[in-house]
Amino acid sequence: MNYAGGAFRYAFKNFIFLFLFALLPSYFLAMSTDAENARALFAGLFGEGDVAFTTFFFFLSPFNAHGWPYALVAFVLAAVCLPMLTGFIEKHMRIGIRSLHGLRSRFNHNFVSTLALLFVFVAVYELWALIAAGLLYAETLLFGGVASAVIVVCTFAGLAALVCYLASLVLLWLPSLQITGYAFMDALACANALYGAVRGRLFCSVTVPALVGLAVQFVSLVLIPARLEAVDFLVRELVFLILLLYFAALMFVAYFAASGEERQDLVKNYGSEGRF
């Protein structure tokens, strides 16, 4: 979990520089969450009601009946903001300069690679959400009562760990693209070579924060009364914001550690810090 600690330290230490790049995508991602659907899922699993397939899928996917317009906006904003966010982090770690100067050129350099991998991630996640919803719904048909709730929760934890494992497999792909300048498949081969030595730590660094963030959001959705919707939304927004910054930092923290390259942001570089 040393990667997780390094990523959180970097994100919070540089929060004033980073949060603007993640604020709007996380806001619209939080808007895409269907609070009523989450409460219906909880009532159906732990109460007397039934749970439909769509209830599971709309809980797992931001592209639900309520939130799909917000999810589309979040995707567009992520396509615009993430190239600048990752460009800032890459430049800071690679040459030690923490500055917003030159982000336009980093955006031009990173846009295509970031957009392509964003498409891949969203497609894989939506496919996972579809399959996971089907499995969880089938379990509610096969089992009943408390047993059904326990089995569904345990299965969901395993499925969440699976998608986190898939995410950890390609987490080093984007840094490999941006830092080495390789073509897509060459960068993927480079990322896979680096991944072999750090797979356990990287998997834990992805899975634990993701599951904690999911648990916080679910508890917030279920326990905070509907009349305090603004408080619930603020919790979701903060979770998405922190996780977005965390995972952006994590991929570069892990890349530099796995590749053995020295991080220049950890070297005192007087005169270059904080310039806009």
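Author: A helix is a DSSP run of H or I with at least four residues and a strand is a run of E with at least two, both numbered from the N terminus; Y165 is found in helix α7. The model is a predicted one, in which local features need pLDDT of at least 70, side-chain atom pairs count only at pLDDT 80 or more, and totals for chains, interfaces and linings use all residues. Residues are numbered from 1 along each chain as its sequence is written, and side-chain values use heavy atoms, without hydrogens and water.

Reader: Why is Y165 called partly exposed?

Author: Y165 has a relative accessibility of 36%, which lies between the two limits (buried is under 20%, exposed over 50%, with a 1.4 Å probe and protein chains only), and Y165 therefore counts as partly exposed.

Reader: What makes V120, V124, L162, Y165 and L166 a nonpolar patch?

Author: These five residues form a patch on the surface, with about 380 Å² of accessible area together; a patch takes residues with over 30% relative accessible area and no salt bridge, and joins nonpolar side chains within 5 Å. Helices α6 (103-142) and α7 (145-169) each give two or more residues to the patch, and the largest share, three residues, comes from α7.

Reader: How do you know that the length of helix α3 agrees with its number of residues?

Author: The expected span is 1.5 Å times one less than the number of residues, so the 12 residues of α3 (35-46) should span 16 Å, and the end C-alpha atoms, at 17 Å apart, agree with that. The buried residues of α3, among them A38 and L41, pack against α4 (53-60), α6, α7, α10 (199-223) and α11 (229-259), where contact means heavy atoms within 4.5 Å.

Reader: Why is the pair of E90 and R94 called a salt bridge?

Author: The term asks for a side-chain nitrogen of Lys or Arg within 4 Å of a carboxyl oxygen of Asp or Glu, and the side chains of E90 and R94 meet at 2.3 Å, N to O. Both lie in helix α5 (residues 68-95), four residues apart, which is about one turn; E90 is buried at 1% relative accessibility, whereas R94 is partly exposed at 34%.

Reader: How many salt bridges are there by this rule?

Author: The count comes to three. Another of them joins D232 and R236 at 3.0 Å, N to O, and these two residues of helix α11 are also separated by about one helical turn, being four residues apart. D232, at 0% relative accessibility, is buried, and R236, at 3%, is buried as well.

Terms used: Patches are made of residues with over 30% relative accessible area and no salt bridge: like charges are joined within 9 Å, nonpolar side chains (Val, Leu, Ile, Met, Phe, Trp, Tyr) within 5 Å. Accessible areas come from the Shrake-Rupley method with a 1.4 Å probe; for residues, only the protein chains shown count as cover.
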